[in-house]
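Subject: Structure handover

Hello,

Here is the structure I said I would pass on, with the sequence. My notes on it follow below.

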Amino acid sequence: MKALERMSKRSLIILGAILVLLGGGFLLRGQIAVALMERVLIKTLASDPIDALPDGLHVGLCGAGSPLPDADRAGPCVAVIAGKKLFVVDIGDGATRNLSLMNLAPARVDAAFLTHFHSDHIDGLGGLMLQHWGGSAQKPLTVYGPPGVDQVVFGFNTAYALDRGYRIAHHGPKVMPPEGSGGEALPFPIDAAHPEALIIDEPDLKVRAFLVDHSPVEPAVGYIFEYKGRKVVISGDTKPSASVQTAAKDADILIHEALSPELVLMMQKSATKAGRPNLAAILHDIPSYHTSPEQAATIAQKAGVKMLLLDHIVPPLRLKALEGPFLGKARQIFHGRLVIGTDGDFFTLPANSSAIKKTNRL
């Protein structure tokens, strides 16, 4: 009995010590969190995540959505990493924030490529230019696009002119060098007579633009990125276009916009019944210059691509169960790998290989 009593006392002492430690930990939880935060910040800021990637072509969805509000998808944006260079294709609302959350620093962006000038594809450009400048850029952000890109970039530079002055005055020209602010537009010629443009021509890297059909938006383009035997094609916004199929021939990944006419029609009918005629009219119009998942699957299958990644998802898929109705027969049509994109999706294509590895950086 005495032995049991001694064990019981010892257990109570140990339990009491544990409770004291737990209580102390609870009281010190703020200090512990701050210490952990400091360690994480130092580790994150001291590293270059792009240097840690294997040599190859990498693509990430910094925005897989559309103008329709979607908690899982920001405005349209695709990050492309070729070797050590980081590019973005389009920069919608919320996309710059996603770049940072994906540990792809906006300051590291070598250039932005715009597919066209619908507001949802450009409304994050001001934030990207600001974050690029805040990373001590010595020159403005390079912005490529079809004719009209100079007007867009000029507009953002003008809108941010007062902000530019405030930041130089506050932080000083060494931190915010005046020559590094804003963006520099580099339009490339492209039209029906010249439907393709070579933008970057380096030994290991080729970037081309090609016309797509997003009428009445003209010109609208897609982009081809080729690096060390790997190929990624981005459709931009378009109705089904033969040019996309041609550009995507034997591509590793075709990133294609996707809109479900059936689900949008349901939204249109609901808007009509709810007494929202203007919204109903817009919903009636938008399918005419977009591509359904089944049409995108047909293009991908005919082009012989290895993987079809759907983005610019319309409408938002608030329930996982809606993915089946959204795709329709797309999985039966396309025999390769098909992914409905969400923000943070990241694909690694090692150089001179056929592998495609998917992760998510959010």
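The crossing of helices H5 and H6 is right-handed. This is a predicted model, and what follows should be read as computed from it. H5 covers residues 125-134 and H6 covers residues 149-159; their axes come within 10 Å and cross at roughly 65°. That angle makes H5 roughly perpendicular to H6, because angles of 65 to 115 degrees are counted that way. On the H5 side the contact is made by Leu125, Gly126 and Met129, and on the H6 side by Val152, Val153, Phe156 and Asn157. Of these residues, five are nonpolar, two are polar and none is charged.

Next, the sheet. Eight strands form an open sheet with mixed pairing, in the order S6-S5-S4-S3-S2-S1-S14-S15. The edges are strand S6 (183-187) and strand S15 (357-360); each has a single partner strand, so one side of each is left without a neighbour in the sheet. With direction ignored, neighbouring strands are turned by 25° against each other on average.

Both helices pack on this sheet. H5 touches S3, S4, S5 (141-145) and S6, and its direction makes about 150° with that of S5. H6 touches S5 and S6, and its direction makes about 170° with that of S6.

Some of the pairings in detail:

- Strand S1 (residues 56-63) runs antiparallel to S2, joined by six bridges; His58 stands opposite Ile81 in S2.
- S2 and S3 are also paired in the antiparallel sense, over five bridges, and Ala79 stands opposite Val88 in S3.
- Strand S3 (residues 85-89) and strand S4 (residues 109-113) run parallel and are joined by four bridges; Phe87 stands opposite Ala111 in S4.

S2 and S3 form a hairpin with two residues between them, and Gly83 in the turn has a positive phi of about 65°.

How many residues of strand S2 (residues 77-82) are buried? Six of the six are, so S2 is largely enclosed by the rest of the structure. Both of its faces are covered: Cys77, Ala79 and Ile81 are buried on one side, and Val78, Val80 and Ala82 on the other.

Finally, some backbone geometry to look at. Most residues other than glycine have a negative phi, and most peptide bonds are trans. The residues below depart from that pattern.

Asp90 is not a glycine, yet has a positive phi of about 65°. Asp90 lies in the loop between S3 and helix H3 (95-101). Is Asp90 buried or exposed? At 5% relative accessibility, Asp90 counts as buried, because the cut-off for buried is under 20%.

Asn103 also has a positive phi, near 60°, and is a residue other than glycine. Asn103 is found in the loop between H3 and S4. With a relative accessible area of 29%, Asn103 is partly exposed.

There are cis peptide bonds to note as well. One joins Ser215 and Pro216, with omega about 15°; Pro216 lies in the loop between strand S8 (205-214) and strand S9 (217-227). Another joins Glu218 and Pro219, with omega about -5°; Pro219 has its place in strand S9.

Regards

Notes:
Residues are numbered from 1 along each chain as its sequence is written. This is a predicted model: local features need pLDDT of at least 70, side-chain atom pairs count only at pLDDT 80 or more; totals for chains, interfaces and linings use all residues. Side-chain values use heavy atoms; hydrogens and water are left out. Axes are lines fitted to C-alpha atoms, for helices over the stretch in contact, and angles run from 0 to 180 degrees between N-to-C directions. Angles under 35 degrees count as roughly parallel, over 145 as roughly antiparallel, 65 to 115 as roughly perpendicular and the rest as oblique. A crossing is left-handed if the near helix is turned anticlockwise from the far one by less than a right angle, and right-handed if clockwise. Contact means heavy atoms within 4.5 Å. Ala, Val, Leu, Ile, Met, Phe, Trp, Tyr, Cys and Pro count as nonpolar, Asp, Glu, Lys and Arg as charged, and the others, Gly among them, as polar. Two strands pair if DSSP finds at least two bridges between them. Buried means under 20% relative accessible area, exposed over 50%, partly exposed in between (1.4 Å probe, protein chains only).
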